[in-house]
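The sequence and structure come first.

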Amino acid sequence: LISPDGESTRIFAFLEAESNQVTIANGIREIAEEESDILTLFFGGLPFIQSHIGGGTRRDIISLTPYVLLLSALATFIFFRRPFGSILVLSAVALGTVWTIGGMAASDQPMTVVSTSLPMVLVAIGGAYGAHILAAFYVAKAPTAPERVTLALKEVGPPVVASMLTTVAGFASFLAMDVAPMRAFGFQASVGV
């Protein structure tokens with residue numbers, strides 16, 4: 001489409017639904033920018049939006065996740081005043097997060113705008129479960145560590161498991177949504193928790 005004054009034009013590209021639209025949009029952008037030295041270019045449409053958001057959210061994950069882990073470890077350390085307990089909780093949460101994100105990559109599930117928050121969500125939720133068990137361990141009245149573990153698990157194990165199952169059910173309810181990224185997030189969060 002060309003404007004009546006001939007000063008601007010709009011080019012539409014209709015992409016096949018089965019194609020990798022973000023990759024095609026990035027290719028269109030590269031070609032257009034190479035071919036136009038003096039023109040001002042504007043890009044619009046869902047593939048360009050997804051490309052922009054995808055790049056920004058990846059940067060956010062890379063830059064924010066270490067801060068979230070550090071703050072979680074610091075909060076746990078301040079509360080319990082025991083470095084080993086903080087490291088234990090943080091290690092369990094980090095391992096679960098890595099497994100979840102790695103499982104997504106292994107099963108070719110793309111990272112969406114919604115699922116980029118998954119590492120932070122899993123750290124927050126997982127840290128709470130670990131903190132409850134750790135608190136029960138530290139206050140347990142038993143002479144040996146294995147006995148304290150047993151007492152802690154008897155005391156807070158069932159409520160923590162019930163809380164976890166409730167959280168899993170809440171995230172699993174996203175599977176009933178019409179929006180595909182929300183369904184994927186619900187599944188990923190359920191598995192992660």
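In which hand of crossing does α4 pass α5? The crossing of α4 past α5 is right-handed, where a crossing is right-handed if the near helix is turned clockwise from the far one by less than a right angle, and left-handed if anticlockwise. The model is predicted: local features need pLDDT of at least 70, side-chain atom pairs count only at pLDDT 80 or more, and totals for chains, interfaces and linings use all residues. Residues are numbered from 1 along each chain as its sequence is written, and side-chain values use heavy atoms, with hydrogens and water left out.

**Helix pairs**

Helices are DSSP runs (H or I, at least four residues), numbered from the N terminus. Axes are lines fitted to C-alpha atoms over the stretch in contact, and angles run from 0 to 180 degrees between N-to-C directions.

| Pair | Angle | Axes |
|---|---|---|
| α4 (residues 118–139) and α5 (residues 145–172) | about 155 degrees | 7 Å apart |
| α3 (residues 83–106) and α4 | roughly 145 degrees | within 9 Å |
| α5 and α6 (residues 180–192) | about 165 degrees | 7 Å apart |

Because of their angle, α4 and α5 are roughly antiparallel (over 145 degrees). On the α4 side the contact (heavy atoms within 4.5 Å) includes V121, I125, Y129 and H132, and on the α5 side it includes A145, R148, V149 and A152. By class, this contact has 15 nonpolar, three polar and one charged residues. Ala, Val, Leu, Ile, Met, Phe, Trp, Tyr, Cys and Pro count as nonpolar, Asp, Glu, Lys and Arg as charged, and the others, Gly among them, as polar.

α3 passes α4 in a right-handed crossing. Residues of α3 in this contact include G85, S86, V89 and V93, while α4 contributes, among others, G126, G127, G130 and Y138. The contact of α3 with α4 divides into eleven nonpolar, seven polar and no charged residues.

α5 and α6 are likewise roughly antiparallel because of their angle, but the crossing of α5 and α6 is left-handed. V168, F171 and A172 of α5 meet F185, G186, A189 and S190 of α6. This contact has five nonpolar, two polar and no charged residues.

**Largest pocket**

A pocket is an open set of points on a 1 Å grid over the protein atoms alone, where a 1.4 Å probe fits, with protein on both sides within 12 Å along at least five of seven lines; lining residues have an atom within 4 Å of a point. The largest pocket holds about 830 Å³, a volume being the space filled by probe spheres set on the points. It is lined by 22 residues, and T9, R10, I11, F42 and F43 are the closest to its centre. The lining divides into 14 nonpolar, six polar and two charged residues.

Terms used: Helices (H or I, at least four residues) and strands (E, at least two) are DSSP runs, numbered from the N terminus. Angles under 35 degrees count as roughly parallel, over 145 as roughly antiparallel, 65 to 115 as roughly perpendicular and the rest as oblique.
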